[in-house]
Amino acid sequence: MQYEAKCTKCKSYSSNPLDYKCSCGSPLEVSTKSTFRKEAIKKNNYTIWRYSEFFPYIEENQIVSLGEGWSPLIRFAKNVYFKLDFLNPTGSFKDRGSSVLISSVHRMIKEMNGYISEDSSGNAGASIAAYAARAGLRARIYVPADVSGQKFNQIIFYGAEVERVAGNRGKVAAEAQKLEKGKFYIGHIWHPIFRDGIKTLTYEIFEQLEWMLPNRIYLPVSAGTLLLGVIRGLEDLVDSGIIEEFPKVITCQTRQVSPLYHRLKNLPYTLPEKITSIADALVSTNPPLLDLMVKKMREIGGDAEIVGEDEIYSAFIELARSGFHVEPSSAVAYAAYKKHVEKGEISGDEISVIVLTGFGLKSTLKP
Ligand SMILES: Cc1ncc(COP(=O)(O)O)c(C=O)c1O
């Protein structure tokens, strides 16, 4: 089926999978979809590609996979489940988006003798580098000049070219997007196909809870690809008539970096002078998808929470001491859940799913 994406603002269409945003400058959203049907799931495929029917713009023979998806959903306490998405091939949930995005574009780019460009020194950079390697596609990852750490090491080991850029995060993005011969910017922060891949997380939760959704889903949020992807999956289930109402989606952010929380609560937000949070993956102070996140969260009646450094650290330690070694950025979602329990926001019979997004061995924290 022909690929099509629709602008979230001016409503014009694009049929080019290489367009990362609309010509008007606003985010695009994939509009080619097929109705969610349980019978269409490939039950013997234990990757996101069990849902290949719901990516009708991708042919089977163009799929680039490292075995991503179908991560365990573990019952942690009576009404609390953890979705272990840090168990993806590169150690984060981003592999869902990378697999679908790279599958969509690798042939076109190779035919044009081109290479992909992405801006991220973190999990997305590592994930895109891995899938480019799997596809035999050249990748250039733009990173801040002073970057180091496990995720950066991953990028290098996967064989991507690295371009260090002096200046702030905006400068890094601008360099990655700068037009150059043979370069195709497919940055995950913008690209609608990356977010479309994340919708598989919702499908899996629905399947793993035996065709039920939880009452509450707690997600760490920075650029918003995880949030918007999960909402996309929920919209699919509602549109297909399988579920009637949206569960409560709770966006979880650090006190330091919480532009979405403040917009959703109609509160003024002042940027910190310096970001020092241990949740070092949640650093989007001015996410390009902010308006879209606000719009969708209002449509589905979601909620937002913020947590401070002590809360994040103790959630991180509690998770580790229960056997779940995740990134502090992932612990933000558990910290927000705990805060809601303390505040009495969750009624006794409500079921919560907390998505654990990144593997603890990537963290730079020392014991
Ligand atoms: C481990 C981890 N959790 C959560 C997030 C937030 O995802 P998003 O930027 O899509 O909001 C990120 C983003 O880098 C991440 O690396």
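A: Here is a walk that starts at the ligand, moves to the cavity and ends with some single residues.

This is a predicted model, in which local features need pLDDT of at least 70 and side-chain atom pairs count only at pLDDT 80 or more, while totals for chains, interfaces and linings use all residues. Residues are numbered from 1 along each chain as its sequence is written, and side-chain values use heavy atoms, with hydrogens and water left out.

Let us begin with the ligand. There are 15 residues around the ligand, and Asn 123, Ser 222, Gly 224, Thr 225 and Thr 357 come nearest (a residue is near a molecule if one of its heavy atoms lies within 4 Å of it). By class, this shell has seven nonpolar, six polar and two charged residues. Here Ala, Val, Leu, Ile, Met, Phe, Trp, Tyr, Cys and Pro count as nonpolar, Asp, Glu, Lys and Arg as charged, and the others, Gly among them, as polar.

Now look at the polar contacts (pairs of N or O atoms within 3.5 Å; within protein, one must be able to donate a hydrogen and the other to accept it, and residues adjacent in sequence count only if both atoms are side-chain atoms). The side chain of Asn 123 has an N or O atom 2.7 Å from an oxygen atom of the ligand. A polar backbone atom of Leu 226 lies 3.0 Å from an oxygen atom of the ligand. For Thr 357, an N or O atom in the side chain is 2.7 Å from a nitrogen atom of the ligand. Taken alone, the ligand exposes 390 Å², and the protein buries 95% of that (areas come from the Shrake-Rupley method with a 1.4 Å probe; for residues, only the protein chains shown count as cover).

A cavity is a set of points, on a 1 Å grid over the protein atoms alone, where a 1.4 Å probe fits but cannot get out, and its lining residues have an atom within 4 Å of a point. Grid points are joined across faces, edges and corners, and a volume is the space filled by probe spheres set on the points. The count comes to one cavity of 30 Å³ or more, and the largest cavity has a volume of about 100 Å³. Its lining includes Glu 29, Pro 192, Leu 228 and Lys 296. Strand 3 (28-30), helix 5 (192-198), helix 7 (225-239) and helix 9 (290-300) each give two or more residues to this lining. Helix 7 has the largest share, five residues. Helices (H or I, at least four residues) and strands (E, at least two) are DSSP runs, numbered from the N terminus. By class, the lining has five nonpolar, one polar and six charged residues.

Finally, some single residues. Ser 120 is in the loop between strand 6 (115-119) and helix 2 (123-135). Ser 120 is buried, with a relative accessible area of 7% (buried means under 20%, exposed over 50%, partly exposed in between, with a 1.4 Å probe and protein chains only). A polar atom of the Ser 120 side chain lies 2.9 Å from the backbone nitrogen of Gly 125. Asn 113, in the loop between helix 1 (94-111) and strand 6, has a positive phi of about 60° although it is not a glycine. Asn 113 counts as exposed, at 69% relative accessibility.

Key. 1 Å grid on protein atoms, 1.4 Å probe; cavity = no way out; pocket = protein on both sides within 12 Å on 5 of 7 lines; lining within 4 Å.
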